[in-house]
Amino acid sequence: MTEFTRADGRALDQMRSVRITRNFTTNPAGSVLVEFGNTRVMCTASVEYGVPRFKRDSGEGWLTAEYAMLPRSTADRQARERNLQNGRRHEIQRLLGRALRSSMDLKFFRNQTLYVDCDVLVVGAGGIGCATSTSARVTYRSREARRSLALRSCSSTEVKSHSWSRARE
């Protein structure tokens with residue numbers, strides 16, 4: 001029997017290498033680069049005041065997730081989606097948002113929205129969904145995101161007196 005190897009050289013029973021780089025970018029409250037083999041996904045978290053209309057006056061916050069593939073993340077260039085989303089992208093965004101919201105306490109946010117943005121940088125030999133959900137979860141749980149949320153949960157007068165750069169020190 002011949003030994004089969006995958007296109008990337010792995011054996012059938014061998015997992016892809018996994019690497020997680022926290023604080024991959026400096027501007028957002030939290031960021032991470034996740035690499036599953038050749039698949040690379042960058043995810044960032046940002047916090048803003050305000051919630052969707054259906055959450056107003058509830059005392060709770062909200063989390064929304066966005067997902068996109070960069071135009072040259074695949075072998076053939078894909079045009080950026082402008083106004084319409086394809087079904088796959090829409091379903092991945094819904095899955096990410098629901099998965100993250102189910103594991104968090106929305107009361108912690110107090111009328112704030114956490115935006116989790118996931119961008120596929122390189123599509124390897126699969127594993128995009130797993131890499132994206134992992135990067136989203138690690139970003140949400142990152143120390144910087146939690147610290148920023150804690151600062152923003154203070155009274156609005158305290159928070160308004162801090163700039164983002166001062167709040168991150």
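This is a predicted model: local features need pLDDT of at least 70, side-chain atom pairs count only at pLDDT 80 or more; totals for chains, interfaces and linings use all residues.
Strands of a sheet pair through backbone hydrogen bonds, and the pairing may be parallel or antiparallel. In this model, five strands form an open sheet in the order 1-2-3-5-4, and the pairing is mixed. Strand 1 (18-22) and strand 4 stand at the edges with a single partner strand each, so one side of each is left without a neighbour in the sheet. On average, neighbouring strands of this sheet are turned by 15 degrees against each other, with direction ignored.

One pairing may be followed in detail. Strand 3, residues 39-49, pairs with strand 5, residues 112-122, in the antiparallel sense over 10 bridges. Opposite Arg40 stands Val122 in strand 5.

Two helices accompany the strands. Helix 1 packs on the sheet, where it touches strand 4 and strand 5; the direction of helix 1 makes about 145 degrees with that of strand 4. Helix 2, residues 128-141, lies across strand 1, strand 2 (30-36), strand 3, strand 4 and strand 5. Relative to strand 2, helix 2 runs at about 150 degrees.

The largest pocket holds about 210 Å³ of space. Strand 4 (62-69) and helix 1 (87-102) each supply at least two residues of its lining, and the largest share, three residues, comes from strand 4. Among the lining residues are Tyr67, Ala68, Met69, Arg88, Arg89 and Asp119.

Note on methods:
Residues are numbered from 1 along each chain as its sequence is written. Side-chain values use heavy atoms; hydrogens and water are left out. On a 1 Å grid over the protein atoms alone, a cavity is a set of points where a 1.4 Å probe fits but cannot get out, and a pocket is an open set with protein on both sides within 12 Å along at least five of seven lines; lining residues have an atom within 4 Å of a point. Grid points are joined across faces, edges and corners, and a volume is the space filled by probe spheres set on the points. Helices (H or I, at least four residues) and strands (E, at least two) are DSSP runs, numbered from the N terminus. Two strands pair if DSSP finds at least two bridges between them. Axes are lines fitted to C-alpha atoms, for helices over the stretch in contact, and angles run from 0 to 180 degrees between N-to-C directions. Contact means heavy atoms within 4.5 Å.
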